[in-house]
Amino acid sequence: MTPKLTRRRFIKSVIFFGAAASSGAGFYLASAAAQRPAGGVERLVSLNVNGRTRRVDVMPQETLAHTLRYKLGLTGTKLGCNRGECGACTVTVDDVTNYACSTLTHSVKGRQVVTVEGLRAADGTLHAVQQAFIDELSPQCGFCTPGQIMSAVALLKTNPRPTREEARQALSGNLCRCGAYDHYLNGVMRASGQLS
Amino acid sequence: MPAYDNMPAMELYQPVQVEDALSLASRLADRGWLLGGGQDTYGWIKDRAKRPEALIDLNGIESMRGIRETSDGIEIGALATLTEISTNPLISERYALLAKAASVVASPQIRNVGTIAGNVSQDVRCWYYRRGLDCYRAGGNLCYADTPEAQNREHALFNASRCVAVTPSDTGPALVALEAQMVISREGGQRVVAAEDFFVGPAINITRTTVMEPGEILTAVRIPAKWANAEYFYEKVADRNVWDFALVSLAAVMRTEGGNIQDSRLVCGAVECTPRRLRSVEQAIQGQPRNQATADMVAGMASEGAQPLTHNHFKMPLMDNLVQRALTA
Ligand SMILES: Cc1cc2nc3c(=O)[nH]c(=O)nc-3n(C[C@H](O)[C@H](O)[C@H](O)COP(=O)(O)OP(=O)(O)OC[C@H]3O[C@@H](n4cnc5c(N)ncnc54)[C@H](O)[C@@H]3O)c2cc1C
Ligand code: SF4
Ligand code: FES
Ligand code: FES
């Protein structure tokens with residue numbers, strides 16, 4: 001129906017994008033570099049994820065969720081909608097919550113990425129939020145849980161004793177199709193020591 | 001149309017000097033795509049509804065960050081995030097209208113990365129268009145939303161011209177109310193455009209929502225001191241408080257003297273393709289007290305002249321009721 005699905009467009013894009021991919025993969029310096037505008041990204045990057053430096057080959061258009069899940073094996077970060085509409089992919093970048101499905105991996109170079117896998121202490125002790133979510137039976141199916149945890153962890157970092165309303169606001173970008181919202185809020189209140 | 005998880009291959013540039021970004025933007029023109037927080041970008045590209053060949057990520061450009069005081073108000077770097085704007089002490093204190101508008105955009109995570117530039121430059125949210133249909137706005141020759149069977153509950157009441165999509169930006173109406181100035185740079189030059197003239201409707205240009213041309217970059221937004229510490233009202237009505245776009249929003253600033261309104265600006269979002277100033281209401285309330293009697297006097301005035309579609313009549317009383325609230329809040 002639309003012109004972009006025609007065969008000519010398809011072939012054109014293969015040619016263009018094929019060329020772009022090969023230059024990205026290696027022939028970057030020397031003559032190729034002379035023709036391209038300054039500032040194009042190198043594919044091999046160092047990322048700081050959960051306190052460790054990881055060297056990864058990252059496509060220019062790659063999202064952080066893709067890198068975490070399919071290249072670094074960190075599948076705790078979930079993909080629900082992949083469109084910024086659910087929060088299942090929430091991670092923190094420099095302590096601020098981001099949707100990993102809607103973040104370019106190249107934009108987190110030199111910054112601290114933390115996923116749900118990075119919260120436990122070295123001896124295996126769970127983060128206070130994780131433990132509180134278990135104690136309060138917060139999750140139902142659990143799919144949205146890693147994202148809810150990351151939002152709660154980021155909140156408590158800046159506001160260690162939030163009101164329930166503040167917690168509601170902070171977790172409002174995390175959809176729970178099981179509707180376990182109140183249980184998550186109970187968890188946040190417990191993690192912040194306001195529920196005995 | 002299938003949905004894809006990954007974006008197709010593209011080039012990515014991450015300039016750190018605004019000059020480099022401007023020369024890239026001018027060199028790539030329509031083939032390039034400026035990137036702020038990317039929150040209005042990735043969906044387009046994942047759906048293959050837009051196919052830029054290269055992304056120009058502006059986030060490394062230090063000179064486009066920050067919020068500072070100037071001799072006449074404040075200057076907000078184009079890369080300031082909506083979270084920064086809604087929590088900035090200077091803005092919260094003097095231009096609380098803007099802080100409030102920024103605080104109700106999308107969700108916390110989107111506000112954490114979404115920039116003010118991206119918020120005012122974002123494309124319309126008409127789902128026919130977003131789905132990649134070749135409607136007027138996409139260069140075709142029909143509008144899928146303006147038919148008797150169409151789902152057009154969210155669409156325009158005023159000044160439609162072939163396209164009936166509305167402005168989706170929550171900060172746009174606040175910036176028009178505050179008489180903001182948009183600083184637009186291009187290679188070798190700069191122009192400053194009033195927020196009111198920054199947004200354009202389909203009669204002027206059906207493929208763009210702002211006056212910006214390919215090669216231009218919005219580098220800053222200036223808020224003049226004129227409306228600092230003014231009385232204000234802001235309300236966004238949406239189906240859900242998170243994620244959803246406004247069905248109607250109202251941003252208003254007022255100056256009262258001796259109990260009467262001396263000057264005011266009332267601007268509605270989501271009722272036409274640009275933020276809509278309610279000039280007739282502004283004129284009618286001048287010199288009147290901010291109270292119920294004045295609200296009654298202007299009842300129905302905001303929605304006068306509306307041309308509703310099949311499913312959006314409800315926006316008319318919504319506009320009128322928001323004006324009531326603004327005058328009695
Ligand atoms: C699920 C969801 C819900 C949303 N809900 C809302 C809502 O309720 N209210 C609302 O207002 N918005 C909403 N948005 C839209 C949007 O994502 C945000 O408004 C955000 O502010 C966009 O900013 P960004 O920096 O991420 O934009 P980007 O995606 O980076 O850019 C958007 C557009 O602006 C252009 N652009 C970016 N920076 C510049 C610049 N400096 N100069 C010139 N052009 C530039 C880009 O090329 C692009 O065309 C929503 C988005 C999603 C995905
Ligand atoms: S309202 Fe505008 S964007 Fe939507 S289908 Fe009609 S022409 Fe296209
Ligand atoms: S997967 Fe990222 S917000 Fe849904
Ligand atoms: S627990 Fe099932 S989605 Fe939240």
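In the predicted model, domain 1 and domain 2 of chain A bury between them an area of about 1200 Å², to which carbon and sulfur atoms contribute 61%. Of the area that domain 1 of chain A buries against domain 2 of chain A, 35% is supplied by Thr90(A), Asp95(A) and Val116(A), a share that exceeds that of any other three residues. The domain assignment places domain 1 of chain A at 42–118 and domain 2 of chain A at 119–196, and the C-alpha centres of these two domains are 21 Å apart. To their contact, domain 1 of chain A gives 19 residues and domain 2 of chain A gives 14 residues.

Between these domains of chain A the count of salt bridges is 1, and a salt bridge is found between the side chains of Lys157(A) and Asp95(A), with an N to O distance of 3.6 Å. Polar contacts between domain 1 of chain A and domain 2 of chain A number 5 residue pairs, with both residues at pLDDT 80 or more. On the side of domain 1 of chain A that touches domain 2 of chain A, at least two residues come from each of strand 3 (90–93) and strand 4 (96–99) of chain A, and strand 3 of chain A provides the largest share, with 3 residues. By class, this side of domain 1 of chain A comprises 7 nonpolar, 8 polar and 4 charged residues.

The interface of chain B and chain A buries about 3300 Å², with carbon and sulfur atoms accounting for 55%. Leu12(B), Gln109(B) and Trp243(B) supply 20% of the area that chain B buries against chain A, which is more than any other three residues supply.

Across the interface of chain B and chain A, 1 salt bridge is found, and the side chains of Arg83(A) and Asp47(B) form a salt bridge at 2.6 Å, N to O. The same interface holds 15 residue pairs in polar contact, both residues being at pLDDT 80 or more.

Methods
Residues numbered from 1 in each chain as written. Chains lettered and ligands numbered in written order. Predicted model: local features only at pLDDT ≥ 70, side-chain atom pairs only at ≥ 80, totals over all residues. Heavy atoms only, no water. Buried area = accessible area lost by both parts, 1.4 Å probe. Salt bridge = Lys/Arg side-chain N within 4 Å of Asp/Glu carboxyl O. Polar contact = N/O pair within 3.5 Å; in protein donor to acceptor, adjacent residues only side chain to side chain. Domains from an automatic or database assignment. Contact = heavy atoms within 4.5 Å. Helix = DSSP H or I, 4+ residues; strand = E, 2+ residues; numbered from the N terminus. Nonpolar A, V, L, I, M, F, W, Y, C, P; charged D, E, K, R; others polar.
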